[in-house]
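Student: Could you take me through this structure, please? I would like to begin with a term that I will need.

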Amino acid sequence: MAHELVIFDNDGVLVDSEPLSNRVLAGYLTELGYPTTVEDSYRDFMGTAAHRVHDVIAERYDGARLPEGFDEAFHGRVFDTFTAELVAVRGAETLLKELRQRSVPYCLASSAHHSWIRAALDVTALRGWFPEERIFSAQDVGVGKPAPDLFLHAARTLGVDPAACLVVEDSPNGVLAARAAGMDVYGYTALTDPAKLTAAGATGLIADLDEVLPLLDR
């Protein structure tokens with residue numbers, strides 16, 4: 001089936017936020033008494049919804065609970081870091097421009113909160129490429145990746161058969177979610193071990209965003 005919709009993950013695919021957010025998260029958890037390296041953060045939390053942080057801390061520290069207001073404080077720290085350091089992934093704006101020029105439908109589907117998504121798009125000047133009705137968050141469905149709900153919600157909302165969707169993801173959880181939704185998914189390998197994306201079921205791998213357009217012609 002020909003691809004009728006391109007679905008982008010946001011963090012790590014369109015905006016180069018993963019190094020920043022994982023650095024902030026690792027530092028904050030360590031500060032709270034839960035020693036966490038940046039590598040730990042990538043392994044445990046990349047591509048997951050916010051509640052995963054609470055779940056992991058509870059599992060590893062005998063039911064420990066993060067302080068009230070943790071999510072808000074963490075997001076505040078991340079937004080401050082975004083403002084100072086966040087940039088778009090190389091080639092992201094060029095790709096979005098080409099998709100629009102070719103009238104290829106696309107959208108964004110992220111496990112992050114809506115406020116996080118919009119902050120990242122605003123700072124990187126990508127917001128104008130995404131009308132409100134084409135921004136989807138795990139908040140919309142109540143569960144993040146690797147569950148397929150978010151991708152299925154995006155496809156259903158835009159009236160596209162899941163089998164006609166092409167997803168671009170950089171995390172194993174995102175790949176698992178797309179495959180569970182019955183979609184083609186290409187693993188973006190800039191920050192993730194290609195073997196992990198392949199093991200999760202990626203249809204194929206790409207190293208640069210300029211490889212996305214040729215996939216539509218297959």
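Tutor: Contact, or touching, means heavy atoms within 4.5 Å. This is a predicted model, in which local features need pLDDT of at least 70 and side-chain atom pairs count only at pLDDT 80 or more, while totals for chains, interfaces and linings use all residues. Residues are numbered from 1 along each chain as its sequence is written, and side-chain values use heavy atoms, with hydrogens and water left out.

Student: Which residues does Asn-10 touch, then?

Tutor: Not counting residues up to four places away in sequence, Asn-10 touches Val-15, Leu-108, Ser-110, Ile-117, Ala-120 and Leu-121.

Student: And where is Asn-10? Is it buried or exposed?

Tutor: Asn-10 lies in the loop between S1 and H1. Those labels are DSSP runs numbered from the N terminus: helices (H or I, at least four residues) and strands (E, at least two). Asn-10 counts as buried because its relative accessibility is 0%. Buried means under 20% relative accessible area, exposed over 50%, and partly exposed in between, with a 1.4 Å probe and protein chains only.

Student: What about H6: how many of its residues are buried?

Tutor: Seven of the 10 residues of H6 are buried, so H6 is largely enclosed by the rest of the structure. The buried ones are His-114, Trp-116, Ile-117, Arg-118, Ala-119, Ala-120 and Leu-121. Their cover includes H1, H4, S2 and S3. After H6 comes Ala-125, which has a positive phi, near 65 degrees.

Student: Let us turn to H4. Which of its residues are buried?

Tutor: Phe-70, Phe-74, His-75, Val-78, Thr-81 and Phe-82 are buried in H4. They cover an arc of only 125 degrees around the axis, which puts them on the same side of H4. The arc is that of the directions from the helix axis to the C-beta atoms. Glu-72, Asp-80, Thr-83 and Ala-84, on the other side of H4, are exposed.

Student: What do the buried residues of H4 pack against?

Tutor: They pack against helix H1 (18-31), helix H3 (51-60) and helix H6 (114-123). Val-78, for instance, has a relative accessible area of 0%. Leaving out residues up to four places away in sequence, Val-78 touches Ser-21, Val-24 and Trp-116.

Student: New topic: what is the strand order in the sheet?

Tutor: The open sheet of six strands has the order S3-S2-S1-S4-S5-S6, with parallel pairing. Two strands pair if DSSP finds at least two bridges between them. Strand S3 (135-137) and strand S6 (204-206) stand at the edges with a single partner strand each, so one side of each has no neighbour in the sheet.

Student: How many bridges join S1 to S4?

Tutor: Four bridges join strand S1 (residues 5-8) to strand S4 (residues 165-169), and the two run parallel. Val-6 stands opposite Leu-166 in S4.

Student: Which residues touch the most other members of the largest nonpolar core?

Tutor: That core has 49 residues, and those touching the most other members are Val-6, Phe-8, Leu-14, Leu-29, Leu-99, Phe-130 and Val-168. H1 gives the most to this core, with five residues. A nonpolar core is a set of buried Ala, Val, Leu, Ile, Met, Phe, Trp, Tyr and Cys residues joined through side-chain atoms within 4.5 Å. Another core, of 22 residues, lies apart from the largest one and has Phe-136, Leu-150, Val-160 and Ala-164 among them.
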